[in-house]
Amino acid sequence: MNLQAKLILSALCVGALPLAQAADFEDFGRVVRVTPQVEQVNRPRQECRTEYVQVQQPQQQRSAGGAVIGGIAGALLGNQVGGGSGRTAATAAGAIAGALTGDRIDNNGNNGGGGMQEQAIKQCRNVDHWESRNNGYEVTYDYRGRNYTSLMSYDPGQRVRLRVSVEPAQQ
């Protein structure tokens with residue numbers, strides 16, 4: 001080998017010396033404190049309730065057909081009772097009673113007024129709903145007399161597994 005090649009090879013070996021001396025190994029540290037990292041998250045939700053209110057009903061059309069037919073039928077029946085002026089009074093009373101009865105039957109007791117009716121109304125609103133969410137753990141541990149702190153995704157328990165890298169300091 002010539003001198004130039006030997007110098008290059010020597011320079012490469014000296015440059016790689018720190019890498020050859022670096023060592024990685026695993027060890028354990030004693031856990032001093034674990035603090036959960038909690039954040040508050042708002043998940044709004046909808047709350048609904050049903051209220052009952054009185055509502056005016058629209059006016060319904062009344063039929064006059066039942067009153068007319070009832071009045072005629074009542075007058076015919078009343079005309080069959082009594083004689084003379086009593087017959088006239090019985091015919092008039094029969095016509096009135098028949099008209100009232102026919103009207104009630106035809107209109108099913110509907111008095112024509114709208115009236116009030118209870119109606120259910122659903123009302124909803126959005127309300128805040130806060131939840132706590134764990135984002136990990138702040139772990140403080142002791143390794144060889146010094147305290148270190150790391151954020152971890154889990155609670156390590158009494159001791160934490162460490163990857164230790166030893167390398168000479170460069171000046």
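A disulfide is a pair of cysteine sulfur atoms within 2.5 Å. This is a predicted model, in which local features need pLDDT of at least 70, side-chain atom pairs count only at pLDDT 80 or more, and totals for chains, interfaces and linings use all residues. Residues are numbered from 1 along each chain as its sequence is written, and side-chain values use heavy atoms, with hydrogens and water left out.

**Exercise 1.** Find which cysteines a disulfide joins, and describe the link.

*Solution.* 
- Count: the rule gives 1 disulfide.
- Partners: C48 and C124 are joined, S to S 2.0 Å.
- Place: C48 sits in strand β2 (residues 45–56) and C124 in strand β3 (residues 116–127), so the pair ties together parts 76 residues apart in sequence. Strands are DSSP runs (E, at least two residues), numbered from the N terminus.

**Exercise 2.** Is D142 buried or exposed, and which side chain of opposite charge is nearest?

*Solution.* 
- Place: D142 belongs to strand β4 (residues 130–143).
- Burial: D142 is buried, meaning under 20% relative accessible area (1.4 Å probe, protein chains only).
- Charge: Asp counts as negative and Arg as positive. A salt bridge needs a side-chain nitrogen of Lys or Arg within 4 Å of a carboxyl oxygen of Asp or Glu.
- Backbone: the D142 side chain reaches the backbone nitrogen of G145 at 3.5 Å. A polar atom of that D142 side chain also lies 3.3 Å from the backbone nitrogen of R146.

Definitions and conventions:
Helix = DSSP H or I, 4+ residues; strand = E, 2+ residues; numbered from the N terminus. Buried < 20%, exposed > 50% of the residue type's maximum accessible area, 1.4 Å probe, protein only. Polar contact = N/O pair within 3.5 Å; in protein donor to acceptor, adjacent residues only side chain to side chain.
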